[in-house]
Amino acid sequence: MKLWKGRFQKEADPKTNDFNSSISIDSRMYKEDIEGSIAHATMLGACGIIAQSESDKICAELEKIAADIESGALSIDPDAEDIHTFVEGELTARIGDAGKRLHTARSRNDQVALDVRLTLRKACAGLIGQLKELISVLCDQAEEYADAVMPGYTHLQRAQPITFGHHLMAYAEMFLRDIGRLQDAVKRMDVCPLGSGALAGTTYPLDRDLTAKLLGFSAVSRNSLDGVADRDFCAEIAAAVSIAMVHLSRFSEEIILWCSWEFKFIELDDAFSTGSSIMPQKKNPDITELIRGKSGRVFGDLMALLTMMKGLPLAYNKDMQEDKEAVFDAVDTLRLCLTPFIPMLKTMRVLKDNMRNAAAKGFINATDCADYLVAAKGLPFRDAYKITGELVALCIDRGLTLETLPLDEYRKVCDAFDEGVYTAINLEKCVNDRKVKGAPCPENVRAAAKEVRALLN
């Protein structure tokens, strides 16, 4: 059934039908389409636009159609033009002329704008739930490893001592912001477009506020053109998902590095690793590699949406049929990536001794050595910086570390040194003394985990 066939004298070419069809993408919205139609029919009956008996009949049969699709008793016709056509056609086949009244005062333009909003609202709620679960796991791990010393890096070079718990909480902060972005996008999406019609509203005396209330929206769209032409919410959600994928990809990259024999800071559980078809010793972090790769796919979805919309005049254009495939793929991909990532992180084995051994190398306590000269001996920082740099060069030349360099060698470079330098450059003390808010001392890490848990609730 073509909802628009009255104007045409001949059937569309089958190739046109195939090209024009969106049923393979929008069939996933059948629940939302039926939910919107029930609200619309309820409003039509309440306003006296159609008979109350017909409204009741439509709503009851739509609920049966939803149940039949859910149970498998009714299959969605893959040859239907879209899910809206399929549902309305099935309704009319079941209840006759009453079904034909459903589309009164409605266009597919405002109908699809509604369906996409309803679908994305549920999808975002699911993603937010997953991100909260991920952050909760990060808080658990951070508390457990709040005092596990490891090297912090800049330029992928060992820089200063931190703890593994502190490192994990950095990602907790990123994912918290991702939740905020999704919540903001949903808030701006929280308007009901039904009643906008094709672009100019309708002459029927609709109660748009009733429809919005029935569907759980806080407001109705203020402008009928914008109501059907707006896809900002698709782009905004795709942008929020893209940033979340950036964070997942960065985290994945670090996990890949930490799993390598060159780092060996963690070991992934066998359940979340793969092997090689030829090299029996291999244990590969394929989940994280796939996430790193899939991030590009999501960025492409965002670019597709922005490019699709950038040249469209108001109001609806067929280009906008492409919105669903892109934004659904973006939210699906993030959901798919989070699903194994969370238990993978929860079950990983942290090799604290290897982290501590790595922290003992690379002179990551050099800044603390310089700070010792400033705080304990009163030297200007730039002088202390130069002196410490000379000591590092000396250690490298002799195959030593700052901890193993004899005191007389310290004093040859600067006679202000005494035994106190060895206490100052102790890695645990270096970390424990970093107590400024946001720094990596263990009590800060535990406090941050507690604060983040409170924010999740």
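Author: Helices are DSSP runs of H or I with at least four residues and strands are runs of E with at least two, both numbered from the N terminus. This is a predicted model, in which local features need pLDDT of at least 70, side-chain atom pairs count only at pLDDT 80 or more, and totals for chains, interfaces and linings use all residues. Residues are numbered from 1 along each chain as its sequence is written, and side-chain values use heavy atoms, without hydrogens or water.

Reader: What percentage of the 457 residues do buried residues make up?

Author: A residue is buried under 20% relative accessible area, exposed over 50%, and partly exposed in between (1.4 Å probe, protein chains only). In this protein, the buried share of the 457 residues is 48%.

Reader: Are α7 and α11 roughly parallel or roughly antiparallel to each other?

Author: Helix α7 covers residues 108-144 and helix α11 covers residues 232-259; their axes (lines fitted to C-alpha atoms over the stretch in contact) lie 11 Å apart. The angle (from 0 to 180 degrees between N-to-C directions) is about 20°. Angles under 35 degrees count as roughly parallel, over 145 as roughly antiparallel, 65 to 115 as roughly perpendicular and the rest as oblique. The two helices α7 and α11 are therefore roughly parallel.

Reader: How many nonpolar residues does the contact of α7 with α11 have?

Author: Contact means heavy atoms within 4.5 Å, and residues of α7 including L120, L127 and L134 meet residues of α11 including I237, V241 and F251. Ala, Val, Leu, Ile, Met, Phe, Trp, Tyr, Cys and Pro count as nonpolar, Asp, Glu, Lys and Arg as charged, and the others, Gly among them, as polar. By class, this contact of α7 with α11 has one charged residue and no polar ones, and its nonpolar residues number 13.

Reader: Are α11 and α12 roughly parallel or roughly antiparallel to each other?

Author: Helix α12 covers residues 286-309, and its axis is 8 Å from that of α11. The packing angle between α11 and α12 is about 160°. These two helices, α11 and α12, are therefore roughly antiparallel.

Reader: Where is the place of A315?

Author: A cis peptide bond joins L314 and A315, with omega about 10°. A315 itself lies in the loop between α12 and α13 (323-347).

Reader: Which loop holds F363?

Author: F363 is not a glycine, yet its phi is positive, near 60°. The residue F363 sits in the loop between α14 (352-359) and α15 (366-377).

Reader: What is the relative accessibility of A105?

Author: A105 lies in the loop between α6 (97-100) and α7. A105 also has a positive phi, about 65°, although it is not a glycine. A105 counts as buried because its relative accessibility is 11%.

Reader: Which residues does I58 touch, not counting residues up to four places away in sequence?

Author: I58 belongs to helix α4 (residues 52-71). At a relative accessibility of 0%, I58 counts as buried. Beyond four places in sequence, I58 touches A41, I50, L91, I95, A98 and L102.
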